[in-house]
Amino acid sequence: MNKVQNYVETVLQPKLQGDGGWVEFVSLEGEKLTLVFRGECSKCLILNRCTAWIEEQIKADLNKKVTVTAIRKKPYFQDV
């Protein structure tokens with residue numbers, strides 16, 4: 001597991017869970033970080049602020065520049 005994936009899963013997930021959201025690591029290709037947003041995050045109107053915050057946190061804590069690509073995923077019961 002790479003540092004960014006570990007950071008997403010151990011630091012960012014718990015913070016977003018506090019607001020009813022969920023984030024999952026998908027991939028990191030160069031500087032492009034792809035994340036799936038579920039729960040409350042999937043319908044958030046200001047998700048762009050959250051992705052900007054995630055980019056800032058990763059830069060501050062891991063000293064790595066990334067650009068987050070957000071994929072909104074409906075709750076499992078809406079995926080039919």
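Two salt bridges are counted in this predicted model, a salt bridge being a side-chain nitrogen of Lys or Arg within 4 Å of a carboxyl oxygen of Asp or Glu. Side chains of opposite charge can pair when their charged atoms come close. Residues are numbered from 1 along each chain as its sequence is written, and side-chain values use heavy atoms, with hydrogens and water left out. Because the model is predicted, local features need pLDDT of at least 70 and side-chain atom pairs count only at pLDDT 80 or more, whereas totals for chains, interfaces and linings use all residues.

Helices (H or I, at least four residues) and strands (E, at least two) are DSSP runs, numbered from the N terminus. Arg38 is partly exposed at 26% relative accessibility, and Glu24 is partly exposed at 26%; buried means under 20% relative accessible area, exposed over 50%, and partly exposed in between (1.4 Å probe, protein chains only).

Beyond its neighbours within four places in sequence, Arg38 is in contact with Gly21, Trp22, Glu24, Lys73 and Lys74, where contact means heavy atoms within 4.5 Å. Lys59, by comparison, is 21 residues from Arg38 in sequence and 23 Å away in space, C-alpha to C-alpha.

The other salt bridge is formed by the side chains of Lys43 and Glu40, at 3.6 Å from N to O. Lys43 is exposed, at 55% relative accessibility, while Glu40 is partly exposed at 41%. Ser42 lies in the loop between E2 and H2 and is buried, with a relative accessible area of 13%. A polar atom of the Ser42 side chain lies 2.6 Å from the backbone oxygen of Gly39.

Two strands pair if DSSP finds at least two bridges between them. Within this pairing, Leu28 has Leu33 of E2 as its bridge partner. The hairpin of E1 and E2 has two residues between the strands, and Gly30 takes a positive phi near 65 degrees there.

E2, H2 and E3 make a right-handed β-α-β unit; the crossover is right-handed if, with the strands pointing away from the viewer, the path from the first strand over the helix to the second runs clockwise.

The largest nonpolar core has 17 residues, such a core being a set of buried Ala, Val, Leu, Ile, Met, Phe, Trp, Tyr and Cys residues joined through side-chain atoms within 4.5 Å. Helix H1 (3–17), E1, E2 and helix H2 (47–62) each supply at least two of the core residues, and the largest share, five residues, comes from H1. Val8, Val23, Leu33, Leu35, Phe37, Ile54 and Ile58 have the most contacts inside the core. Leu35 touches residues that include Val8, Val23, Ile54 and Val68, not counting those up to four places away in sequence.

Key: A polar contact is a pair of N or O atoms within 3.5 Å; within protein, one must be able to donate a hydrogen and the other to accept it, and residues adjacent in sequence count only if both atoms are side-chain atoms.
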